[in-house]
Amino acid sequence: MRGLHPFTLLTVAAALPALAWIGPAPWGGAAALSAAGVLVLSLGGRQSFRVARAAVFTATPLWFFLYLLQGSGGMLATGLRLTTMIAGGVWLVAVLPPPRLIEAMIAREWPVSVAFLLAATLSAIPALRARAGHLVDAQRSRGLRTRGGPLIRLAALRALALPLVLSALHEVDERAMALETRGFDPQVRRTPLAPPPDSLAQRISRWGLVLSCVALLVWRIA
Amino acid sequence: MSAVVLDRVTFRYPASATAALVDISLVVNSGEIVALIGATGSGASTLLLVTAGLAPGGGVVGGELTGEVRRDGRAALLLPTPWTQVSGMAFTVWDEVAFGPANLGWPRERISESVDRSLTRVDVVHLRDRDPGTLSGGELQRVILAGVLAMEPAILLLDEPTAELDPAGAALVWRLIRELAQEGMAVVVATSDIDALPESVDRVVWLERGRVRTSGTTRQVLAGEDLWEPDAPGSTSIAGVWRRAGLPGPVPLTVPDLVSRAR
Amino acid sequence: MTPALWIDDVSFAYGDRPALEGVRFELAPGERAALLGHNGAGKSTLLRLVTGLVKPASGTVWVGDWDTRAKSPAELARRVGSLFQHADQQLFARTVRDDVAFGPRVTGVRAGDAAGRVERALAALDLEAVAGQHPYDLPPPLRKLAALAGALALEPALLVLDEPTAGLDRRARRLVTDALSARAEHGVALLVITHDLAFAAETLDRGLVLERGHLVLDAGLASVLVDAPRLGRLGLAPPPLARASTALGLPGLPVRERDVAAALVTRCSA
């Protein structure tokens with residue numbers, strides 16, 4: 001699956017939530033989520049489990065809030081759709097490392113600035129995760145309690161979220177400058193180092209998916 | 001042959017009342033190593049950005065510049081924090097080092113040669129297939145340095161390159177700087193590692209609040225008494241202990257100097 | 001007297017990768033130890049054990065009379081002040097003063113008492129002038145000092161610091177040396193990971209060397225700092241004053257500036 005062209009993977013990940021939202025609730029959502037589930041399972045072994053777990057953890061609080069807001073009917077309809085989005089997103093992150101996507105964009109001569117913006121954002125994520133870990137350690141060692149009831153955790157959030165956001169903003173600034181020091185220039189065409197291989201079959205499939213979504217949309221509106 | 005000329009440069013960051021650099025004039029020749037010293041906030045980092053052409057610049061920094069900056073050849077800048085400079089677009093160290101040259105649009109052959117050469121130069125060939133995210137701070141700084149060298153600059157600008165490194169890593173960086181200068185590169189390095197200067201650096205410029213306070217050969221500047229003012233960067237440890245002992249005469253800067261004076 | 005810190009035959013592993021094996025040492029109140037070793041030798045792991053972030057697989061970490069297994073890191077903060085790497089990124093309050101006050105506040109120090117601790121910590125690191133500013137308006141070195149002030153404000157019996165002088169200029173390094181020395185004189189024990197051996201020479205007096213998870217040396221720091229071969233194996237080198245001492249054969253091989261200066265005066269007037 002990882003051998004597929006990044007644009008194919010991207011299209012699939014985008015088509016799933018599109019189909020979930022466009023399709024009639026709750027069946028559209030259920031079908032799309034099942035498809036997402038199949039994709040996650042096909043990752044195989046431990047990675048499937050990790051991805052599924054991440055998706056479930058992220059989605060569960062949302063289902064809770066939806067129940068409060070919309071009752072069980074609304075919860076089911078919207079919940080399936082949101083979960084599809086989340087599952088699709090987590091699957092994509094697992095199956096498509098940012099460098100491959102960027103290489104694909106550059107090989108196709110998409111605007112370099114778009115590619116770099118995406119690269120800077122995506123590359124910041126693992127750095128932020130690592131930083132979040134260190135931050136929790138540092139704040140706990142200062143006396144911050146993180147285990148306990150919801151009120152305690154809420155109070156802890158400020159000490160954790162705020163520095164993370166502040167330093168993330170600062171970091172984006174520095175990263176942008178660092179990219180410039182590495183020769184980034186929108187005017188110059190970058191040499192692609194390892195353009196991912198594509199095939200006619202994949203291209204057809206991608207366009208096919210997009211057209212299916214459009215067709216479904218037209219059918220629902222009409 | 002002068003590689004870098006700054007002529008009466010004044011620079012102000014956007015929305016800032018005070019100028020970060022005031023009336024700076026500096027000439028750096030090929031093969032020369034110039035160190036910028038000064039307390040935190042004295043303007044050394046800004047001076048490097050201006051010299052690299054990044055301030056005012058490609059959209060990130062902005063700001064107002066008066067005076068002239070002339071470069072003869074490409075300038076490359078190394079920032080103090082390695083993990084910020086990682087491109088995030090490379091699976092391996094090799095790709096990371098190739099990132100810069102690829103951005104310059106070079107043909108693949110040329111990139112390949114340059115990358116292999118740089119990896120050997122900086123002694124990170126054994127890391128070439130590693131994921132940059134798994135490297136230690138020191139290893140990463142060397143990889144970024146290799147990436148910068150792979151762009152074949154004529155001018156190398158380094159902002160506190162050894163601040164986050166352990167002594168072994170720092171020694172390697174200084175040795176590399178000396179070798180590169182011998183090959184003709186013009187090097188400007190902002191640093192607080194004063195002890196490393198006598199053996200590595202030809203000239204020292206002391207910046208204070210954006211202005212040049214003193215400038216001269218390493219020996220001239222580091223022997224100065226005024227370096228010991230409360231907010232000044234100080235000189236070498238050996239100079240410090242000589243001064244503390246209240247001993248007279250020309251100040252020794254290094255251990256060998258001290259040994260010959262004290263015998 | 002109960003030691004401030006007692007590492008009692010402690011072992012720890014990350015998964016199947018051993019990080020520390022059979023480490024044992026004690027720190028008495030007022031003792032100042034440097035923790036030296038290669039990256040990956042186990043230094044950071046030891047700090048995490050002392051702050052309670054991880055618990056030993058075998059053996060016990062005693063902070064005073066507390067077994068770290070029975071305490072959370074937040075509880076241990078009453079006795080252990082810590083400074084990790086990238087401490088400049090942990091600040092979050094609106095002002096430096098508020099951030100420094102965070103530790104005392106959440107560990108339950110009374111308001112009046114806490115205010116005093118905060119001011120003492122700010123004064124020790126010469127941060128009074130910037131105490132009302134937003135932390136992110138300050139350059140990273142000052143943020144690092146602010147983080148250290150936060151640890152000092154806890155007024156703990158033990159301070160554990162990871163590279164406290166990395167990125168600091170001469171003036172700031174001196175402030176750190178003076179602040180730590182002052183605390184040690186009042187009975188605070190220090191455990192400092194550092195490769196800044198010049199700073200270590202001025203501030204600390206005991207050397208603990210970790211190699212691949214084992215404590216291979218526990219000796220007076222001065223003797224370690226003149227041992228070039230041993231330091232070389234750790235990727236370190238004697239700091240300039242220690243090298244000068246050795247080269248000149250100064251009696252007692254002093255490594256501290258004050259002592260080397262005194263020896264030089266004697267040598268040069270002889």
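**Close-ups of a predicted three-chain contact and fold**

**View 1. Helix H1 of chain C on its strands.** In this predicted model, helix H1 (residues 43-50) of chain C lies across strand E1 (5-14), E2 and E4 of chain C. Relative to E1(C), the helix runs at about 120 degrees.

**View 2. The open sheet of chain C.** Here 4 strands line up in the order E2-E1-E4-E5 (chain C), with antiparallel pairing. Strand E2 (17-27) and strand E5 (66-67) of chain C are the edge strands, each pairing on one side only.

**View 3. Zooming in on E4 and E5 of chain C.** Strand E4 (residues 58-63) of chain C is joined to E5(C) by 2 bridges, and the two run antiparallel. Look for Trp62(C), which stands opposite Asp67(C) in E5(C).

**View 4. Where chain C touches chain A.** Chain C brings 20 residues to this contact and chain A brings 19 residues. On the chain C side, the elements giving two or more residues are helix H2 (73-76) and helix H3 (96-106). H3(C) supplies the largest share of that side, 3 residues. Sorted by class, the chain C side has 11 nonpolar and 9 polar residues, with no charged ones.

**View 5. Chain B as a whole.** Chain B's secondary structure comes to 10 helices and 9 strands. Its radius of gyration is 19 Å, close to the 18 Å that the globule rule gives for 263 residues, so chain B is as compact as a globular protein of that length. The C-alpha atoms of chain B fill a box of roughly 60 × 45 × 35 Å along the principal axes, and buried residues make up 55% of the chain. Among chain B contacts with a separation of 6 or more, 64% link residues 24 or more positions apart.

Note on methods:
Residues are numbered from 1 along each chain as its sequence is written. Chains are lettered from A and ligands numbered from 1 in the order in which they are written. This is a predicted model: local features need pLDDT of at least 70, side-chain atom pairs count only at pLDDT 80 or more; totals for chains, interfaces and linings use all residues. Two residues are in contact if their C-beta atoms, placed from the backbone, lie within 7 Å. Ala, Val, Leu, Ile, Met, Phe, Trp, Tyr, Cys and Pro count as nonpolar, Asp, Glu, Lys and Arg as charged, and the others, Gly among them, as polar. The radius of gyration is taken over C-alpha atoms; the globule rule is 2.2 Å times the number of residues to the power 0.38. A residue is buried if 20 or more other C-beta atoms lie within 10 Å of its own, exposed if 12 or fewer, and partly exposed in between; C-beta atoms are placed from the backbone. Two strands pair if DSSP finds at least two bridges between them. Axes are lines fitted to C-alpha atoms, for helices over the stretch in contact, and angles run from 0 to 180 degrees between N-to-C directions.
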